[in-house]
Each structure stands twice: as C-alpha cells, then as structure tokens.
Amino acid sequence: MIRELLRSSQWCYSHKLNRLGAFMEKIMILTCSAHISGKAKIHPTVSFSHGGIGVVIHGAAEVGEFCIINNKVTLGNGFPHGGAPRLGTHVYIGTGAFLGGGITVSDYVIIGANSVLTRSVTESGVVVAGIPAKVLRKLTPDELKKLDWGKR
C-alpha cells in the first residue's frame, strides 16, 4: 500500500497538483504511519520492509534502484546545515537507522540497524554501523550476490 500511495503522491507533484500530493502524503501518514515526501526521488524498485512503518523521507532525498529500507528509518535534513541523503543502488538500511544531511551513500552498502550516518560513504561494497556510523568491513562476494536481488 505504501508504494501505491508514494507513486500517487509523486505523480501529483510531477503534474503540479501540489495540494493533492500533500493530501496523499497525509493518507500515507494515517494508514502506514510513514511520512515519505512525494517530492523525493525514489526509484520504483525500492522495497519498504514491514510496510514502511515509521519511515520518514525528506523531500530532497534521492534513493537509487533496488534499495531496501526497513521500518523506522529516517532519511532527513541535517539541521542546521540542510540537505538530504542520496543513496546509490543496492543499499540496505537496517531498522531504526538515521541518515542525515547532504550525504552520499555509494552502491552496495549495508547500513546497520540503529546507526547514525552523517558523513558520506564513498566506498562501495562495505558495511557501516554505529553511532556515529563508520565502515566496519568489506562485503564478501556472497554478501554482494545477496544485495543483487533486483538483477535476477
């Protein structure tokens, strides 16, 4: 249901129907407990685990192909500096993670649950976690294959 509401909101904003787009966002909040802006650039292949419950995505955020976003994830504004995250392809974000500010996350990155990421991850194929999040290790070839779920 969250995908349909998001696509409807995005369609409204792209056709200058801003009030209707905002209304669709309100319906998403009421039915899914998620606040995902229809202005955000979210690829249609993005998957929201557990119905996207508690997900918050800023209007300036960008999410690439085949990303998986778990529940209670925030892609937000990095107050007071502003900006919103840009995610590459095949990024997995664990439950409760916060990504804030104008950061960039490279392709094939796993972000651990409850992590706080406020700096860009420029290296592909890594696991980042912690508060503040830092690179823990490189992904194994088997782990990289699991992140390639959209290419089957």
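Visitor: How do you know which residue is which, and what counts?

Guide: Numbering starts from 1 along each chain as its sequence is written, and side-chain values use heavy atoms, with hydrogens and water left out. Since the model is predicted, local features need pLDDT of at least 70 and side-chain atom pairs count only at pLDDT 80 or more, while totals for chains, interfaces and linings use all residues.

Visitor: Why is Asn18 called partly exposed?

Guide: Buried means under 20% relative accessible area and exposed over 50%, with partly exposed in between (1.4 Å probe, protein chains only). Asn18 has 43%, so partly exposed is the label.

Visitor: What is Asn18 in contact with, leaving aside its neighbours within four places in sequence?

Guide: Cys12 and Tyr13; contact means heavy atoms within 4.5 Å.

Visitor: What makes β4 and β7 a pair?

Guide: Strands are DSSP runs (E, at least two residues; helices are H or I, at least four), numbered from the N terminus. Two strands pair if DSSP finds at least two bridges between them. Strands β4 (residues 56–57) and β7 (residues 74–76) are joined by 2 bridges, so they pair, and they run parallel. Ile57 has Leu75 in β7 as its bridge partner.

Visitor: Which strands make up the open sheet, and in what order?

Guide: The order is β1-β4-β7-β10-β13, with parallel pairing. Why are β1 (35–36) and β13 (116–117) its edge strands? Because each pairs on one side only.
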